[in-house]
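Student: Could you walk me through this structure? I would like to learn how to read its features.

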Protein chains: 2
Amino acid sequence: MIYNEKDVFFIKKTIGLAKKAKGFTSPNPMVGAVIVKNGKIISKGYHKRAGLPHAEIEAIRKITPRDIKGATLYINLEPCFHFGQTPPCVDEIIKNKFQKVVVSTVDPNPEVKGKSIKKLRKAGIEVIIGILEKEARQLNEHFFKNKETNSPFIAAKTAQSLDGKIASSIGSSKWITEKKTRDYAKSLRDTYDCILVGINTVINDNPHLDGLTKIPVKVVIDPKFRIPLDSNLTNKHPEKLIIFTSCKDKNLDNFLPFSGRIQPNLEISLRNNNSSLLVKAGLEKWHKIISRGAKIFFLKEESRGLSAKKIAHILYDLGLMSIFIEGGAETIGRFFDEQLVDKVYTFIAPKIIGGKYALASVGGLGIKEVSDAPYLKEVMVKKLGQDILISGYTGI
Amino acid sequence: MIYNEKDVFFIKKTIGLAKKAKGFTSPNPMVGAVIVKNGKIISKGYHKRAGLPHAEIEAIRKITPRDIKGATLYINLEPCFHFGQTPPCVDEIIKNKFQKVVVSTVDPNPEVKGKSIKKLRKAGIEVIIGILEKEARQLNEHFFKNKETNSPFIAAKTAQSLDGKIASSIGSSKWITEKKTRDYAKSLRDTYDCILVGINTVINDNPHLDGLTKIPVKVVIDPKFRIPLDSNLTNKHPEKLIIFTSCKDKNLDNFLPFSGRIQPNLEISLRNNNSSLLVKAGLEKWHKIISRGAKIFFLKEESRGLSAKKIAHILYDLGLMSIFIEGGAETIGRFFDEQLVDKVYTFIAPKIIGGKYALASVGGLGIKEVSDAPYLKEVMVKKLGQDILISGYTGI
């Protein structure tokens with residue numbers, strides 16, 4: 001289908017507006033709206049944060065119903081149909097007598113998914129859909145993944161040498177890329193709901209895992225509960241910390257989440273599962289960390305450790321719609337092995353570290369036949385100072 | 001210094017002409033020459049192959065001395081001063097009464113190095129030097145390395161996944177990059193004097209190591225002389241094969257080269273070095289391989305195997321001015337460890353192989369502190385189909 005050049009132009013505007021709230025709308029999508037009359041933009045708006053008005057409402061409120069009559073609304077996502085934290089936008093659009101609505105993508109949310117478009121058409125409003133659909137989907141790639149699969153959008157980030165190393169043979173790893181590149185990586189953290197690492201990364205690097213402008217939720221996979229009480233993660237913003245650990249007990253339920261205060265019967269309930277020894281060892285440390293505001297989840301130990309899939313789903317149930325995995329090699333490898341990674345960000349410093357015993361960026365089991373390793377899709381290559389960022393999608 | 005725009009234009013022409021012989025001039029440099037009179041090119045030439053006329057002679061021969069009188073000669077390298085396979089070009093230029101000579105770079109050959117320029121000036125010819133010097137040096141990077149350090153120019157090539165793997169955990173390695181990319185890599189072989197691999201690559205992959213248009217000299221580092229008699233390298237063009245092996249004998253001289261026929265006293269001379277056992281085991285296989293035309297060099301085994309530096313120097317003494325190392329990881333790692341690599345070609349297929357036990361592209365000892373790993377210089381990023389080539393210079 002060939003679209004009207006003007007429609008493409010205004011949809012581009014909505015995407016630009018939507019991006020202004022990048023990193024602030026989760027679990028909602030980023031949406032921008034533009035109202036056009038006689039070829040001119042007469043109002044615009046974007047969704048600033050979950051709980052605040054939707055983009056089209058922002059735009060509508062700035063002008064009068066008389067202005068709107070006969071106007072066209074441009075919006076990158078189908079208007080909402082359901083009562084959420086705000087009333088349905090579709091009714092507001094009909095009430096305001098728009099002549100035409102141009103939408104980039106249908107809302108993947110099963111509660112909407114074309115219903116609003118149908119309702120608008122039924123009300124006699126012309127609706128055009130599909131303009132810059134690919135760009136609009138990519139803009140809200142987290143949201144589309146969430147709604148289409150009921151699971152979080154997961155990205156894996158590595159910072160490596162040209163030969164794929166993240167640490168030398170003696171474990172030296174600071175710094176492989178330039179400061180500017182590391183800041184860029186921090187700005188990516190700002191666009192994800194949580195940052196996930198394995199316990200070895202915490203012990204070896206003692207990271208903050210902060211974004212450039214935000215303090216994200218930080219997740220540590222720590223089967224043996226080795227997290228140091230004096231680490232940055234347990235001391236700076238511990239209320240943002242989530243730890244996944246294990247009781248190595250086959251009888252344990254799928255997971256026992258603890259947060260806030262430890263229930264008085266905790267020790268007993270775990271004793272019932274024959275874990276008394278572990279409880280004795282761990283209880284004091286759990287208590288200290290939980291009392292600082294962190295959350296601890298207990299997962300059954302499986303043959304290869306804690307299940308990445310279960311961890312992803314628990315985080316999703318907690319409302320964390322996107323996960324940014326930063327390492328180490330085994331943690332990233334585990335997520336690849338379980339085919340959970342949606343997007344890859346590989347920062348390459350064009351230098352050679354070498355070494356048979358140096359640490360490569362992606363561990364785990366790996367793919368057996370190289371012919372089975374699929375090419376990433378939509379690969380982007382970007383120069384950042386002396387470094388190079390290669391990113392792409394696994395297409396899972 | 002600011003150069004005349006026309007001079008830059010014509011020097012660019014000489015570089016373009018020189019490149020026509022890429023891969024054919026070794027051990028000589030690539031040189032192009034352009035003769036200009038009244039702002040117009042009246043003749044041009046380039047050095048086609050060692051033994052054939054130099055570029056300026058090619059250009060001079062096409063026209064008459066009357067044409068040349070008062071003309072300007074453009075050339076990317078200082079004309080030769082010495083009798084080699086051809087008489088000195090500098091005398092020919094003076095004899096032909098050029099008015100002006102524009103040269104990009106001084107010849108790094110100690111036998112020339114400015115002497116020709118001096119002689120031209122003494123003969124009253126105006127000489128301009130230094131235009132597009134960087135480009136002209138890069139064009140003949142092998143030659144400059146050779147003449148300035150008396151050693152070969154060495155490049156390391158890998159074809160790896162985004163996470164730096166050249167084989168999966170079960171050793172699967174075919175194919176990581178696309179056919180088009182592999183053909184591009186073959187075309188690079190055409191520009192090097194020899195292709196070098198370790199014995200494991202021969203045993204695992206049984207490669208031909210041929211170029212896209214040429215059959216290069218192939219070098220195998222094979223300390224235990226495990227090369228199969230039915231391998232492609234020992235059967236297809238074995239006269240192009242050079243093997244470095246070891247006698248594991250501390251008393252052995254630096255190396256004993258054998259080529260063509262085995263000398264009748266070989267067994268005895270090695271017996272003298274207390275290597276009788278090894279000789280008995282190896283003699284028949286050596287004989288078979290040598291009789292096919294291959295060369296075998298014996299090197300003393302050092303603490304970490306055969307010395308890459310010694311191998312490089314032996315190849316240089318054999319007239320092989322540039323070495324293209326294709327693997328495997330340990331062979332490449334060894335050349336990096338000994339700081340012998342000048343240029344790196346990393347072909348990246350943007351896909352993830354993963355695996356703790358998968359093979360990374362550069363082995364060896366590696367660099368200890370990552371802060372000691374220098375950035376490559378003049379880094380180039382090139383998209384080749386779905387793959388990406390990152391190349392650069394170590395600046396050693």
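Tutor: Gladly! Let's begin with pairing: two strands pair if DSSP finds at least two bridges between them. Keep in mind that this is a predicted model.

Student: How many bridges link strand β4 of chain B and β5(B)?

Tutor: In general, strands of a sheet pair through backbone hydrogen bonds, either parallel or antiparallel. Here, β4 (residues 100-105) of chain B and β5(B) are joined by four bridges, in the parallel sense. To find the spot by eye, look for B:V103, which stands opposite B:I129 in β5(B).

Student: What is the strand order in the sheet of chain B?

Tutor: Five strands of chain B make an open sheet, ordered β2-β1-β3-β4-β5, with mixed pairing. At its edges stand β2 (40-46) and β5 (126-129) of chain B; each has a single partner strand, so one side of each lacks a neighbour in the sheet. From one strand to the next, the twist averages 15°.

Student: Which helices pack on that sheet?

Tutor: Helix α1 (residues 5-19) of chain B is one of them, touching β1 (32-37), β2, β3 (72-77), β4 and β5 of chain B, and its direction makes about 145° with that of β1(B). Helix α5 (residues 115-122) of chain B also packs there, touching β4 and β5 of chain B, at about 150° to the direction of β5(B).

Student: And chain A? Where does A:L77 find its bridge partner?

Tutor: Chain A has an open sheet of five strands in the order β2-β1-β3-β4-β5. Within chain A, β3 (residues 72-77) and β4 (residues 100-105) run parallel and share five bridges. The partner of A:L77 is A:T105, in β4(A).

Student: How do I read a helix with a buried side? Which residues of α8 in chain A are buried?

Tutor: A residue counts as buried if 20 or more other C-beta atoms lie within 10 Å of its own. In α8 (residues 179-189) of chain A, that applies to A:T181, A:A185, A:L188 and A:R189. They span an arc of only 110° around the axis, which means they lie on the same side of α8(A). The face turned away from that buried side carries the exposed residues A:K179, A:K180 and A:D183. Among the elements covering the buried residues are β6, β14 and β16 of chain A.

Student: Finally, how many residues of chain A are in contact with chain B?

Tutor: There are 49 residues of chain A in contact with 49 residues of chain B. On chain A, the elements giving two or more residues to this side are β6 (153-161), α14 (329-337), β14 (343-349), β16 (377-384) and β17 (387-393). By class, that side has 23 nonpolar, 17 polar and nine charged residues.

How values were computed
Residues numbered from 1 in each chain as written. Chains lettered and ligands numbered in written order. Predicted model: local features only at pLDDT ≥ 70, side-chain atom pairs only at ≥ 80, totals over all residues. Contact = placed C-beta atoms within 7 Å. Nonpolar A, V, L, I, M, F, W, Y, C, P; charged D, E, K, R; others polar. Buried ≥ 20, exposed ≤ 12 C-beta atoms within 10 Å, placed from the backbone. Arc of directions from axis to C-beta. Axes fitted to C-alpha atoms, helices over the stretch in contact; angles between N-to-C directions.
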